[in-house]
Amino acid sequence: MGIKLLCLDIDGTILNSRKELTERTRQAVIYAQKMGVHVFLASGRSLPGLRELLQRLCLAQNCICMNGALICADGKEICRNGLEPFHLEKIMYTAEKYKSQVFFSGPDFNLTNQPLEGHLKEEVQKGSLRGDYIIRTDPLEFRREVKKLENQILKAAVKEAGEENYQKMRTDLEAFGLFHIVKSDTHFIDINPIGCTKGTGVRVTAEYLGIPMRDVMCIGDNENDEDMVAAAGIGVAMGNAEACVKKAACYVTGTNDEDGAAAAIYHFIPERPMWYKSGREEIVGERD
């Protein structure tokens, strides 16, 4: 018994409100690995937006990307669940109806129909996200680019700052009955095929590693984290989490500005003997 798989959301969880990874949280993630725990980042981001963090956390491309649409373990792709062309058409139709910004993401690209603005532009400029966005502001050019990349598009997101349009657009998308739709950040609606969620991504990852869900710990804060927090043996909500995530969790930790993820890791993953070894895990640490 004990935690063998740790899945961590990024924004609002291991990153503080300034989108920074603190040294305390970084060291906690490294500590979990030293204790023999498999650690995966579980994010709505695409793979390019994760690579710097994976490197800083000493993770060998262990990630559940785009809300479960792409899963990699030790750099090897183990699962892919993309959007179909008819999905893309309905998403574009809805975005055009409300004149909203839409993003289509693949393993190595992000395509959008409007320039990057606000906090997203700031994150790209300071390096929190990769800057390799494809921007096509002309509607016909955008549709041509979507057609060219349609077999590689795994996830969509729509940005709408106006609260009234945000709610209407979400209702319209849900009415199609084709999508799993969640809020991932302020003004953002994340769109995946039905059945493709972070929770299913965690289950696939646990099965691949031969780990029962009772030995899985998930930490998150936003609506797209709710089902993975609920599915885990130890589901942890950040202090800054949405109410639905706190309700799904068995434990609420501190906020992302209080290194709450680090506190939860140290709370639930006790230190093991230096020469601990069990099952698939390797010996951790070295004898002095």
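The model before you is predicted, so local features are given only at pLDDT of at least 70 and side-chain atom pairs count only at pLDDT 80 or more, while totals for chains, interfaces and linings use all residues. Residues are numbered from 1 along each chain as its sequence is written, and side-chain values use heavy atoms, with hydrogens and water left out.

I begin with Val 236. Val 236 belongs to strand S13, residues 234-237; helices (H or I, at least four residues) and strands (E, at least two) are DSSP runs, numbered from the N terminus. Is Val 236 buried or exposed? Its relative accessibility is 0%, and Val 236 therefore counts as buried. The cut-offs are under 20% relative accessible area for buried, over 50% for exposed, and partly exposed in between, with a 1.4 Å probe and protein chains only. Leaving aside residues up to four places away in sequence, Val 236 touches Met 217, Cys 218, Ile 219, Gly 220, Val 229, Ala 249, Tyr 251, Thr 253, Ala 264 and Phe 268. From Val 236 to Ala 248 there are 12 residues in sequence and 8.5 Å in space, C-alpha to C-alpha.

Arg 136 is my second residue. Arg 136 sits in the loop between strand S8 (133-135) and helix H5 (139-149). With a relative accessible area of 27%, Arg 136 is partly exposed. Its contacts, again not counting residues up to four places away in sequence, are Leu 111, Thr 112, Asn 113, Glu 141, Phe 142 and Glu 145. Between Arg 136 and Lys 155 the separation is 19 residues in sequence and 18 Å in space, C-alpha to C-alpha.

Side chains of opposite charge can pair when their charged atoms come close. A salt bridge here is a side-chain nitrogen of Lys or Arg within 4 Å of a carboxyl oxygen of Asp or Glu, and by this rule there are 20 salt bridges. In one of them, Lys 155 meets Asp 190 at 3.3 Å, N to O. Why does this pair tie together parts that are 35 residues apart in sequence? Lys 155 lies in strand S9 (residues 155-159) and Asp 190 in strand S11 (residues 188-193), so the bridge joins those parts. Both Lys 155 and Asp 190 are buried.

A second bridge links Glu 174 to Arg 170 at 3.1 Å, N to O. Both residues lie in helix H6 (residues 163-175), 4 residues apart, which is about one turn of the helix. Glu 174 is partly exposed at 41% relative accessible area, whereas Arg 170 is buried at 14%. Glu 20 pairs with Arg 18, their closest N and O atoms being 3.1 Å apart, and Glu 20 is partly exposed at 37% relative accessibility. Asp 9, Lys 198 and Asp 225 are linked in a network of salt bridges.

I turn now to helix packing. Axes are lines fitted to C-alpha atoms, for helices over the stretch in contact, and angles run from 0 to 180 degrees between N-to-C directions. Angles under 35 degrees count as roughly parallel, over 145 as roughly antiparallel, 65 to 115 as roughly perpendicular and the rest as oblique.

The axes of helix H1 (residues 23-34) and helix H10 (residues 260-268) come within 8 Å and cross at roughly 30°. This angle makes H1 roughly parallel to H10. Their crossing is left-handed, a term for the near helix being turned anticlockwise from the far one by less than a right angle, with right-handed for clockwise. Among the residues of H1 that meet H10 are Arg 24 and Tyr 31.

Helix H3 (residues 85-98) packs against H6 at about 155°, with the axes 10 Å apart. H3 and H6 are therefore roughly antiparallel, and H3 passes H6 in a right-handed crossing. The contact involves Ile 91, Thr 94, Lys 97 and Tyr 98 of H3 with Asn 165, Lys 168, Met 169, Asp 172 and Leu 173 of H6.

Finally, the axes of H3 and H5 come within 12 Å and cross at roughly 160°. H3 and H5 are therefore roughly antiparallel, and the crossing is right-handed. On the H3 side are Leu 88, Glu 89, Met 92, Tyr 93 and Glu 96, which meet Phe 142, Arg 143 and Val 146 in H5.

How values were computed. Contact means heavy atoms within 4.5 Å.
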